[in-house]
Amino acid sequence: MDQFTINLLFVGASFALYIGIAIWARAGSTSEFYAAGRGVHPVMNGMATAADWMSAASFISMAGLLAFGGYDTSAYLMGWTGGYVLLALLLAPYLRKFGKFTVSEFIGDRFYSKTARMVAVICLIIASVTYVIGQMTGVGVAFGRFLEVSNTTGLLIGAVVVFAYAVFGGMKGVTYTQVAQYVVLIFAYTIPAIFISLQLTGNPVPALGLFGDHVASGEPLLAKLDQIVHDLGFAEYTKQQGNTLDMVLFTLSLMIGTAGLPHVIMRFFTVPRVADARWSAGWALVFIALLYLTAPAVGAMARLNITDMMWPNGTKGDAVSIQQIETDPKYAWMETWRKTNMLGWEDKNGDGLIQYYNDASPEMKAKADAAGWKGNELTNFNRDILVLANPEIANLPGWVIGLVAAGGLAAALSTAAGLLLAISSAVSHDLMKGQFTPNISEKGELLSARIAMAVAIAVATWLGLNPPGFAAQTVALAFGLAAASIFPALMMGIFSTRINNAGAVAGMITGLVVTLIYIFLHKGWFFVPGTNSFTDAKPLLGPIKSTSFGAVGALINFAVAYAVAGMTKETPQEIKDLVESVRIPRGAGAAQDH
């Protein structure tokens, strides 16, 4: 059985499972569509949250960034896991206790303002759509490779599949589908990692193998990797290269962005009791840790494998030949990925070899000139292909490759579904029912939610064709937007009676607009290529990149909110009482403890 058929079997079986679950758990009411009837067990909700969270950015893209970015990109791990601690301690229990369906509804009621609710909806949609772009990018990569079609065709196929099970299942269908997707993606991620760790270090635990010795050379694996990449003119893998301030702001932006993302917060509205919300966050952190402890090993080991394949005779010998790439079965993966337009090479000096090195390094320039090299000849290596290509690079069995195909698609599709649900809920429940047609029937509200989701899928697919970066980088921008707009409003809404409606609205608008402008200045206006004035290599404000600005935007949000609140009418007493009742263990008044 050829690899394409194996891939189809794994992917087809997983899709049949997801769509079957969606049909079985189809939402029949708005409560089931928005909050799964509030009947999900904390452990299952933790698994669903983990699947919702471990998106294309985590599964497909993060290890690729770690592989080629080294130490500096560990901020992704710290920020995304640290955010769940904030979420579990500061937000999830109180939001569940408030008893509403959506984040925007909480903000509207807490700040006693339809305007605040509308602004929250706009912030939510902008952050979620940016996030979905990253997911659809990952969907295109995965489908493109494993169905052996172009990236664009893969993206369109993925959009149809997301539409099929997200539009009809709602939160109830998505929740149980995501439990299945978590099981698929965690096996798909860890099994290849175990194989590769055994190959390179003899240790079956990848996280431990990362700090073990390389089987062939006997030296520490990380020391060997550091030496190899240094020999090729790249920065040493384990050394910090970037600016410390930017790294701190980036980590903080990811943390508070995590705690402000609507599609994650919505998951805590699905459990029966307030205590279950905190337990759900704890279980989610456990399930996420299984992948996040493995990701650094996957990145480092993949980088070592790739470098060894490009320099099979060592960095002192000759590079791999074009003949070997075309005839050696070990290199068949390169030709396969070349069809997706995400991997490419060119023999620039006509010597029949493909030299892979850092041609921007002054040290390597002298060596290259002496050897007659005309530049780096591995001209295209998209970071997003790394995890999906990893089993092929390591020459693992066909069934492992098929499993990774199913896992990569599960990761991208599960988060896309959760985000689309957050968008549709904001449009149908907060805009249609909350603002324009308060007397809309339940059937009409469900219909508007599904139409909104279909439109969101179409927009995200179109934008996913030309994303502003790799999947994880695009997602980081979404985190910055959530950090600058939604997180401060939630924190002030729960822990401060001083902030009134005017302060909250001014803070959210300022935080969102300032952050969005900073991102557009660096990534292009509305992410249109070529319209940017700055780059992350040369940012506008010193070392602060566009992906790190969310933390600055959040500080501006807090400052503006407190300043405006201090100059305007005080928060009504009944709202102060409501805020106090939400924070007291046994709720009172409008807060719900059930």
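1. How much space lies in the largest pocket? About 990 Å³. A pocket here is an open set of points on a 1 Å grid over the protein atoms alone, where a 1.4 Å probe fits, with protein on both sides within 12 Å along at least five of seven lines. Points are joined across faces, edges and corners, and the volume is the space filled by probe spheres set on them.

2. Please keep in mind that this is a predicted model, where local features need pLDDT of at least 70, side-chain atom pairs count only at pLDDT 80 or more, and totals for chains, interfaces and linings use all residues. Residues are numbered from 1 along each chain as its sequence is written, and side-chain values use heavy atoms, leaving out hydrogens and water.

3. Lining the largest pocket are 41 residues, with L65, F68, G69, T73 and K545 nearest its centre (lining means an atom within 4 Å of a point). Helix 4 (56-69), helix 5 (75-98), helix 11 (244-258) and strand 4 (380-381) each give at least two residues, and helix 4 has the largest share, 5 residues. Helices (H or I, at least four residues) and strands (E, at least two) are DSSP runs, numbered from the N terminus.

4. By class, the largest pocket's lining holds 17 nonpolar, 14 polar and 10 charged residues. Ala, Val, Leu, Ile, Met, Phe, Trp, Tyr, Cys and Pro count as nonpolar, Asp, Glu, Lys and Arg as charged, and the others, Gly among them, as polar.

5. The second largest pocket has a volume of about 380 Å³. Its lining has 16 residues, and I133, W462, L463, F526 and F527 are the closest to its centre. By class, 14 are nonpolar, 2 polar and none charged.
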